[in-house]
Amino acid sequence: MIDLFGSDAHGQAGSNYVHVQHMPRISWGLAKLRHKPPQGMMLQLDAFAARHVKKMTDSEVTQLIYGHALLDEPMCESSLRTFCKFLRARCDHVDSRPEEALSLRNLSVLLWSLTVLRVWDHGMAEELDSFWECLGHQ
């Protein structure tokens with residue numbers, strides 16, 4: 001398998017070659033075109049993005065997960081847990097700082113995506129339930 005994200009094949013020192021903000025655009029763009037990526041590419045994409053999740057916005061993380069769901073491409077479980085932890089922190093800000101809260105639009109797209117990805121089959125029902133609880137608070 002070709003290492004697409006994080007390699008130094010182009011002399012760009014790995015993570016500098018592909019900026020993490022492009023990961024959601026790649027995921028969503030392929031999904032919009034209904035183009036199946038090469039085997040293993042999406043797993044590399046989400047693993048790379050998970051390592052740099054703090055550089056992403058909640059919209060970008062949601063868009064990345066959404067792209068996986070639209071393509072019916074599995075996500076790396078540890079990456080998905082990282083993304084859910086990042087987005088859950090946004091839900092925890094609903095009462096204290098509304099400007100940082102996960103938007104209702106992103107929350108609904110996230111819930112749809114997690115359902116399509118059948119996260120409960122991977123022991124992530126608790127994460128799904130926490131986002132439903134966040135929706136109930138909003």
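Leaving aside neighbours within four places in sequence, with which residues is phenylalanine 131 in contact? In this predicted model, local features require pLDDT of at least 70 and side-chain atom pairs count only at pLDDT 80 or more, whereas totals for chains, interfaces and linings use all residues. Residues are numbered from 1 along each chain as its sequence is written, and side-chain values use heavy atoms, without hydrogens or water.

Phenylalanine 131 is in contact with Cys84, Leu87, Arg88, Cys91, Leu102, Leu107, Leu110, Leu111 and Leu114, contact being heavy atoms within 4.5 Å. Phe131 is also one of the residues that touch the most other members of the largest nonpolar core, together with Val61, Ile65, Leu80, Phe83, Leu87 and Leu114. This core has 29 residues; a nonpolar core is a set of buried Ala, Val, Leu, Ile, Met, Phe, Trp, Tyr and Cys residues joined through side-chain atoms within 4.5 Å. Buried denotes under 20% relative accessible area, exposed over 50%, and partly exposed the range in between (1.4 Å probe, protein chains only). Two or more residues each are given to the core by helices H2 (41-51), H3 (58-71), H4 (77-91), H5 and H6 (125-137), and H4 gives the most, with six. Helices are DSSP runs (H or I, at least four residues) numbered from the N terminus.
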